[in-house]
Amino acid sequence: MTALLLPSNRDEAWRWSDVSALPEIAARQGLGTIPEALPWIDCALPGPRLLFVDGRFVAERSDPGVVAVGPAGVDPGGHALGRLAGREGWRLRLGRDHAPQGLVQIVHVASGGADHLAAEIVLDEDAQASVVETFVGDGWANRLSGIILFRGARLMLARRVLAAAGFVSLTDRATVGEGASLVATALAGGGADTRLDATIRLAGEGAYAEAGGALLARARQRHDANLVVAHDLPSGMSRQVWRSVASDRAACSVAARVEVARAAQKTDAAQSLKGLLLDRGATINAKPELEIFADDVKCAHGATVGELDRDALFYLRSRGVPEAEAKALLTRAFVADALARIGEEAVREAFEADAEDWFLNPSPLAREGGARREAVGG
Amino acid sequence: MSEVRNREAQEAVERASAYEWGFTSDIEQEFAPKGLSEDTIRYISARKSEPRWMLDWRLKAYRAWLEMEEVTWAKLAIPPIDFQNAYYFAEPKQKPELKSLDELDPEIRRTYEKLGIPIEEQKVLAGVAGARKVAVDAVFDSVSVATTFREELSKAGVIFLSISEAIREHPELVRKYLGSVVPQRDNFYACLNSAVFSDGTFVYIPEGVRCPMELSTYFRINAANTGQFERTLIVADKDSYVSYLEGCTAPMRDENQLHAAVVELVALDDAEIKYSTVQNWYPGDAEGKGGIYNFVTKRGACRGARSKISWTQVETGSAITWKYPSCILQGEGSVGEFYSVALTNNFQQADTGTKMIHIGRNSRSTIVSKGISAGRSNNTYRGLVRVLAGAENVRNFTQCDSLLLGDRCGAHTVPYIEVRNPSAQIEHEATTSKISDDQLFYAMSRGLSREDAVALIVNGFAREVLQQLPMEFAVEAQKLLGISLEGSVG
C-alpha cells in the first residue's frame, strides 16, 4: 500500500482527531473470515440484505434485492478519508414513489485489514427507504456515501459501529431536496475508534434533516464526529442531537456546524450537544457552531458537559438500586435522547439493545484500548 | 527629518466628515524611520533609555517574530499587511513632565476635548467638588504624556506609570511579570508587540489595597501610518482591587492602520481586577475604505486562590477586530468573567470572544456575549472553555446571542468546549434573532423614530453587558451603539 496521506490536528476539521493508528492497520492483511452469526435485525418484513467482508461482497450470504453492487459515483469533495474510498461499492436508486419492501440492511465485517467502499443512495420524488448499516470485526472500514433526495423523498439512515477494535470512518455527502427528509443516526458502541463526517445540504425549500447519534467510549477509545448542515434555501429545518459518554481515558468529540445562506430565510435550526464524563481523565469536546447570513431565522444551540446528576443517583440508591445499576440506568436515559430519533421501532430497539450491551459487557478488546491497544491505567 | 516625515504623514491624511472624531491634531512628532528591523528596535529602546535587558528581550521577540506566520484561522478577510510600510515609533516632540492635564500641550488638550474624553476627568482636574476620581494615564500615540493623580495613588502605594517609566523605576516588577501571561511567542501579533511596543501602562496594586479610584487610559492613534503597539501590565497583589477603564477613539484615516496591543493581568490571592473597554476606533467608511486593524492579545492570569478577573468590552469600532480577552484560572476558587458587546456595521469584521482555561479546583467562569451585525458586516463569537483533568467542581455558563439587522450581514458563533474532569458543569447556550416587527411597531407607535426604536431595542439586547460597565462608560457605550448603527436602518 502506498503511503497514507492523513490530516493532522492542525487542520481545524481534525483538531480533536487521532488517526495515528491507520497506517498500521492499512499495512495489515485481513483474514477474510466470515463470522457465523451476523447482526441482522429481525423485522416483520424481510428486506434486502448485503454482506461485505473486508469490502468484498459475499453473494451467498446476501439478498440484495433492489440494491445494486458495483461502482457508485460519489464525489468525496476533497475529504481526506472519503477520497480514499474509491468507486466500488453499492447503489440504492429508487424511482418516483418507490419504496423497497422492508429494511435495507448492510453488514460490514472487517477481519484485520483496511477496506474502502463507496455507496450511493438516490431517491427520486416521493420515494422512501430505510437503511441500516452495521460495522463489526476488527480493522479499518472506510466508507464514502453520497445521498441525493429529490422532492418529497424520505430516507432513514441508521449506522451502528459495533466493531470490537480498529477504526471506522464514514463520510457522508447528502443533498436534500424540496420537502424531502433525511434522518441520519449513528451509534458508536463497540471498541473501535470512529470518525463520522457528514455534509448535509438542504437544497430545496422546506427540506428537513436530522443528524445525530450516540458516542460511547471507554478505555482509550476516540469518537470524533464532524458535521455540517447547510441551509441553502428558505424554510428548511434541521436538528442535531448528539449524546457522548466517555469513561476511563477515552475522548468523544462533536463538531457540528449549521450554515445558513443569505437565501435561506425562515430557517429553523437547532443543535443539542451533550456530554457525560464518567471518569477523570476522560475527555468531552464539543463545538456547536453557527454561521448565519440570513436575518429571519431561528437558530439555537445548547451544549452541556458534566457528570451524572448526583441527586438522581442518590434517589435511585435510596430506593435500593445498586450504584452500578443506577449509573447505567441514568446513562442509558441520557443516551436514549439521541436514539429516540430513529423512527422504525425494530431498528430503534436494536440500537438501544446495542447501547445496553455496551454498558453491561465491555468487549475485552475495548478494555485493552481500542485501535491503539495500549494498557489502561484506571 | 521629522519635519519631512511629519508633512508626509499629514499629507496622507484624508479629512472626511462622516466620522465624528475624524480629525488630526498638529503636534510635532518624531518618528523612527519607516519599516522594521533590529535597528528600529534599537532606536525605540534607545529613545526610551531602556536598560540592556529590555533591549535584549525585544530583540529576542523580534527574531522569534521573523519566523512566525500571520494568524489565518479567524473568520476575517485580512488584506495583506506590509509590516515594512509603517512607522513603529512616534512620540510628541515636546515631552513635558506634568503634574496635571492643565499643563498639557493645548493642542493635545483640544484633541481630548474633541474626543469628549474629559467627562469626569476635566471636572476633577478643575477641582470640582464631589467629582468622581478617575486617574488618567493618557497614551497619545505611543508615549504617555501625562499622568495625573500620581500622588494620591502613591500614598496608597499604587504604582500607576507608563510602562517605559516602570521599566526604569520598577525593573524588578516589570521583569518578573512582563511576558509571564502572554509569552513572546504566543501569537504573531503579540510577538510583534513584544519587539516594538512603544508605550503603555503599568499598574501595581500592593497587598491589601483597594485602589482609591478607577484607573483610566485613553488610547489614541494620531499620526498617519503609525502602528500602535501598547503594552499594558496590571498586577494586583494579594487581597487588592482595581478597576481599570480603557477607551479609545482614533482619528480619521484613509489608509488602514495596524494596532497590535498586548494586555497582561495578574491577580494574586483574593485579588480582583475589573477591566473595562470601550473601543471606538475608526471603522472605515460606508464603502469599507480605511479603518483600524485591531489585533489585540488580552489575557489575565488568576494565579491566586479566590482571585477574580472580569473583562467587559464594548466593541463598536475598527475595520477588523481580532480580540479574545481570556482568563487562566489557576487559583483555587478563582473566577473569570467575560461580558462583551460587539457591534459591526457597513464592512466591519469582528472575530472576538474569550478563553476560559480552568486549572484550579472550584474555579468558575461566566461568558455573556452579544453580537450585533448590520450592513454588510461579519460578526463572529469565538470562544474556548477548557477544563483540565485536575480541576474539580468547575462551573461555566456561556450565553452567546446574535442579533442581525438586515439580510446582508453575517453572525457566527464558534464555541469550543473541552472538558477533562467529570465534576465540571459546563453549559452553553446560543441564539440568533432579528428585531421583530412587533417590537419595532410598538416602539414607533410610542413616538420613537425608526432609528431610535432600533437603538433602544439594541440597547436592551446588550443590557446584561452594559450594566457591567462603570457608569460613565455605560452612558458613553449606549450612545456609541446608537451612533454606530446610524445608516443601517430603513
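A strand and its surroundings

Author: In chain B, B:Lys370 stands opposite B:Asp401 of strand S21(B). Strands here are DSSP runs of E with at least two residues, helices are runs of H or I with at least four, and both are numbered from the N terminus. The model is a predicted one, in which local features need pLDDT of at least 70, side-chain atom pairs count only at pLDDT 80 or more, and totals for chains, interfaces and linings use all residues. Residues are numbered from 1 along each chain as its sequence is written, while chains are lettered from A and ligands numbered from 1 in the order in which they are written.

S21(B) covers residues 395–405, and eight of its eleven residues are buried, so the strand is mostly covered (buried means 20 or more other C-beta atoms within 10 Å of a residue's own, exposed means 12 or fewer, and partly exposed lies in between, with C-beta atoms placed from the backbone). Strand S19 of chain B (residues 364–374) runs parallel to S21(B), and eleven bridges join the two. Two strands count as paired if DSSP finds at least two bridges between them. S21(B) also pairs with S23(B), again in the parallel sense, over ten bridges. Within that pairing, B:Leu403 has B:Ser433 of S23(B) as its bridge partner.

S23(B), residues 425–434, leads across to the other chain. Seven bridges join this strand to S17(A), and here the two strands run antiparallel. One of the residue pairs is A:Cys299 with B:Thr432.

From this pairing the view widens to the whole interface. In total, 33 residues of chain A are in contact with 30 residues of chain B (contact means C-beta atoms, placed from the backbone, within 7 Å). On the chain A side, S15, strand S16 (283–292) and strand S17 (298–306) each supply at least two of the residues that touch chain B. S16(A) gives the most, with ten residues. By type, the chain A residues on this side divide into 15 nonpolar, eight polar and ten charged. In this count Ala, Val, Leu, Ile, Met, Phe, Trp, Tyr, Cys and Pro are nonpolar, Asp, Glu, Lys and Arg are charged, and the others, Gly among them, are polar.

A:Arg249 lies in the loop between S13 and strand S14 (251–260) of chain A. A:Arg249 counts as buried because 23 other C-beta atoms are within 10 Å. A:Trp358 lies in helix H4 of chain A. A:Trp358 counts as buried because 25 other C-beta atoms are within 10 Å. Not counting residues up to four places away in sequence, A:Trp358 touches A:Gly189 and A:Leu216.

In chain B as a whole there are 13 helices and 23 strands. Buried residues make up 58% of its 490 residues. Among its contacts between residues at least 6 apart in sequence, 83% join residues at least 24 apart.

Helix H3 of chain B, residues 52–66, has buried residues at B:Trp57, B:Arg58, B:Ala61, B:Tyr62 and B:Trp65. They lie on the same side of H3(B), because they cover an arc of only 135° around the axis (the arc of the directions from the helix axis to the C-beta atoms). The face turned away from them carries the exposed residues B:Arg52, B:Trp53, B:Asp56 and B:Leu66. Helix H2 (38–47) and helix H9 (188–196) of chain B are among the elements that cover the buried side.

Last comes the nonpolar core, a set of buried Ala, Val, Leu, Ile, Met, Phe, Trp, Tyr and Cys residues joined through C-beta atoms within 7 Å. The largest one has 243 residues, and those that touch the most other members include A:Leu123, A:Leu149 and B:Ile273. Strand S5 of chain A (residues 104–123) gives the most to this core, with twelve residues. Leaving aside neighbours within four places in sequence, A:Leu149 is in contact with residues including A:Leu123, A:Leu155 and A:Leu182.

Note on methods
Contact = placed C-beta atoms within 7 Å.
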